[in-house]
Amino acid sequence: MAVDALGGDRAPSEIVAGALDARAPGIVPVLYGPAGLDTHGLEHVVCDGAVGMDDKPAEAVRAKPGSSLVRAVRAVGDGDAQAVVSAGNTGAMLAASLLHVRRLPGVLRPGIAVLLPAAAGPSVLIDAGANADARPEHLVQFAHMGAVFAEEILEVAEPRVRLLSIGEEPEKGNQLTLEAHALLADAGLRFEGNTEGRTLLEGEADVVVCDGFTGNVALKTLEGTIGSVLDALRHEIDANVRGRLGGALIRPAARRVRARLDVDTHGGGYLLGLQGIVVIAHGASSRRATANAIRMAARGVEHDIVGRLRESLPERVVESARSTTPNGNK
């Protein structure tokens, strides 16, 4: 596992600590970072500089080929690592991955697949931020990739797919969702129509499809709301003696709820549609989140997500992707 030691708001200390926690038989984190980095015994590839969170992605990837982020991604493309994990600049991760890892044949655009803590078990949201602008055919490919992800990682047979929109009715939504709905209905998937943002945590679908702008807003809204509610509950419990007594009684249940809803539980999302495994972790990743993101990457290797996507993307989807641009190139 190639790990960008300088990626994220809490690097490098929390990244190194998380990599240490994730180390296990079959999981070998390799840290990509500056000379002098205290790796506590983990393998270290010395890099020159870092990509900042506010750097312009494509420019940074071109200008900083020796940075920890670019070198870690390139390790996957070169075959020196089976997966890469970074909590750094998402746009730079996408740009570096397109350059060094490259897309699977026929894939128009990669999409970020994240796990949502739905009541009946995790569900997949795709795209969670790789593509702020998307076309209907992109959403169809996201749906196919999300379905493979749900089958392999969540072990769901025949995943239920829904399209995120402003209403359940087929005629609700903007032009993108209206056109995507029509394509998804004929995509050979278990498509069950639209879903709304208010049902994302109810488990109404195993795969929720949307463009990256909508997905990222929805994801961060959920994360912020969950954090605020849990913090408010903790404050009320600690506010007085009665609250503390009641808190002692509900603490086991509260811990289970927090474990299910905490964003650190999964650590990040897969950038699906590439010829290698790329996991983008949360920018504020803690030690626990980093460790879980590395474990997530290892599960992707174990389940051969890339191979399954290569085999499972329907030929007609691949052909439609080729036909959208002159000479079949995108």
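The lining of the largest cavity divides into 9 nonpolar, 4 polar and 3 charged residues, where Ala, Val, Leu, Ile, Met, Phe, Trp, Tyr, Cys and Pro count as nonpolar, Asp, Glu, Lys and Arg as charged, and the others, Gly among them, as polar. This is a predicted model, in which local features need pLDDT of at least 70 and side-chain atom pairs count only at pLDDT 80 or more, while totals for chains, interfaces and linings use all residues. Residues are numbered from 1 along each chain as its sequence is written, and side-chain values use heavy atoms, with hydrogens and water left out.

**Cavities**

- Rolling a probe the size of a water molecule over the atoms shows where empty space is left.
- A cavity is a set of points, on a 1 Å grid over the protein atoms alone, where a 1.4 Å probe fits but cannot get out, and its lining residues have an atom within 4 Å of a point.
- Grid points are joined across faces, edges and corners, and a volume is the space filled by probe spheres set on the points.
- Counted in this way, there are 4 cavities of 30 Å³ or more, and the largest of them has a volume of about 170 Å³.
- The largest cavity is lined by 16 residues, of which Leu115, Pro117, Leu219, Glu223 and Val263 are the closest to its centre.
- Strand S5 (111-116), helix H7 (212-238) and helix H8 (241-261) are the elements that give two or more residues to this lining, and H7 provides the largest share, 4 residues; helices (H or I, at least four residues) and strands (E, at least two) are DSSP runs, numbered from the N terminus.
- The second largest cavity holds about 50 Å³ of space, and the residues that line it include Tyr270, Gly273, Ile305 and Leu309.
- Two or more residues of the lining of the second largest cavity come from each of S10, strand S11 (277-281) and helix H10 (305-312), and the lining divides into 9 nonpolar, 2 polar and no charged residues.

**Aromatic pair**

- The structure holds 1 aromatic pair, a term for rings of Phe, Tyr and Trp (its six-membered ring) whose centres lie within 6.5 Å, with planes under 30 degrees apart counted as stacked, over 60 as edge-to-face and the rest as tilted.
- The ring centres of Phe149 and Tyr270 are 5.2 Å apart and the planes stand at 70°, so this pair is edge-to-face.
- Phe149 belongs to helix H5 (residues 136-153) and Tyr270 to strand S10 (residues 268-272), so that the pair links distant parts of the chain, 121 residues apart.
- Both Phe149 and Tyr270 are buried, where buried means under 20% relative accessible area, exposed over 50% and partly exposed in between (1.4 Å probe, protein chains only).

**Salt bridges**

- There are 14 salt bridges, each being a side-chain nitrogen of Lys or Arg within 4 Å of a carboxyl oxygen of Asp or Glu.
- Glu192 and Arg162 meet through their side chains in a salt bridge (3.8 Å, N to O), and because Glu192 lies in strand S8 (residues 190-195) and Arg162 in strand S7 (residues 160-164), the pair ties together parts that are 30 residues apart in sequence.
- Glu192 is partly exposed at 30% relative accessibility, whereas Arg162 is buried at 14%.
- Glu192 also forms a salt bridge with Arg190 (3.2 Å, N to O), and Arg190 is partly exposed, with a relative accessible area of 40%.
- Arg234 and Asp231 form a salt bridge as well (2.8 Å, N to O), and because they are 3 residues apart in helix H7, about one helical turn separates them.
- Arg234 is partly exposed at 38% relative accessible area, and Asp231 is partly exposed at 40%.

**Backbone features**

- Most residues other than glycine have a negative phi, and most peptide bonds are trans.
- The peptide bond from Ala11 to Pro12 is cis, with omega near 0°, and Pro12 lies in the loop between strand S1 (2-4) and helix H1 (13-22).
- The peptide bond from Ile126 to Asp127 is also cis, with omega near 15°, and Asp127 is in the loop between strand S6 (123-126) and H5.
- Glu155, a residue other than glycine, has a positive phi near 55°; Glu155 sits in the loop between H5 and S7 and is exposed at 64% relative accessibility.

How values were computed
1 Å grid on protein atoms, 1.4 Å probe; cavity = no way out; pocket = protein on both sides within 12 Å on 5 of 7 lines; lining within 4 Å.
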